[in-house]
Amino acid sequence: MVYTLDKTDLRILAFLQSEGRLSNVELARRVNLSPSPCLERVRRLESAGFIEGYSARLDAAALGFGTSAFIQVTLDRTTAEVFDRFRDAVILIQEVAECHMVAGGFDYLLKLRLTSMDAYRAVLARIVDLPGVAQTHTYVVIEAIKQDAGLPLLR
């Protein structure tokens, strides 16, 4: 079944995106619904796949992961087998926070969350040994200006 989002659904998603711990009663108040219909909408949004899950945003620096880096990865060949082997190997590296296959001058862009530059060197050694890796270029983050602020649902 295709679920069409209305303005109230978008407001619910926007509030939950910014404040995932919002109680149903408070969420209902903010979107001008009574609690029962609001909870029904949230459950529908969950079952339809619009809400993937709930989590806490953690302070990386406070937890000792204050170093971030982006690594461009170029593979030696662009075949389905090489892509699959790389994907299967890179998802096992915990320091890789994100991995995106991209179009352009290289094949993948990795975002790493690290404890130090020594940790970076150790992770880089693992990445260059992954199946199919021909070349890497690293960009260490000096200052994070804007991080994932969620989706721009309400315009």
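I started at phenylalanine 65, which sits in the loop between α3 (35–47) and β1 (67–75). I took helices (H or I, at least four residues) and strands (E, at least two) as DSSP runs, numbered from the N terminus. This is a predicted model: local features need pLDDT of at least 70, side-chain atom pairs count only at pLDDT 80 or more, and totals for chains, interfaces and linings use all residues. Residues are numbered from 1 along each chain as its sequence is written, and side-chain values use heavy atoms, with hydrogens and water left out.

I checked the cover on phenylalanine 65. Its relative accessibility is 37%, so I logged it as partly exposed. My classes: buried is under 20% relative accessible area, exposed over 50%, partly exposed in between (1.4 Å probe, protein chains only).

I then looked for a patch. Leu58, Leu63 and Phe65 make a nonpolar one on the surface, with about 330 Å² of accessible area together. Patch residues have over 30% relative accessible area and no salt bridge; like charges are joined within 9 Å, nonpolar side chains (Val, Leu, Ile, Met, Phe, Trp, Tyr) within 5 Å. A salt bridge is a side-chain nitrogen of Lys or Arg within 4 Å of a carboxyl oxygen of Asp or Glu. Areas come from the Shrake-Rupley method with a 1.4 Å probe; for residues, only the protein chains shown count as cover.

**Strand β3 and its partners**

I moved to β3 (residues 108–114). Five of its seven residues are buried. I found β1 and β3 antiparallel, joined by seven bridges. Two strands pair if DSSP finds at least two bridges between them. Phenylalanine 70 faces lysine 111 of β3 across the pairing.

β2 also runs antiparallel to β3, with five bridges. Histidine 100 has leucine 109 in β3 as its bridge partner. The hairpin of β2 and β3 has six residues between the strands, and there glycine 104 takes a positive phi near 135 degrees.

**Ala97**

I placed alanine 97 in β2 (residues 96–101). Alanine 97 is partly exposed, at 45% relative accessible area. Beyond its neighbours within four places in sequence, alanine 97 contacts Lys111, Leu112 and Arg113. Contact means heavy atoms within 4.5 Å. I also noted 6.2 Å between the C-alpha atoms of alanine 97 and arginine 113, which are 16 residues apart along the chain.

**Gln72**

Last, I looked up glutamine 72, in strand β1. Its relative accessibility is 17%, so it counts as buried. Leaving out residues up to four places away in sequence, glutamine 72 touches Phe106, Tyr108, Leu109, Gln135, Thr136, His137 and Tyr139.
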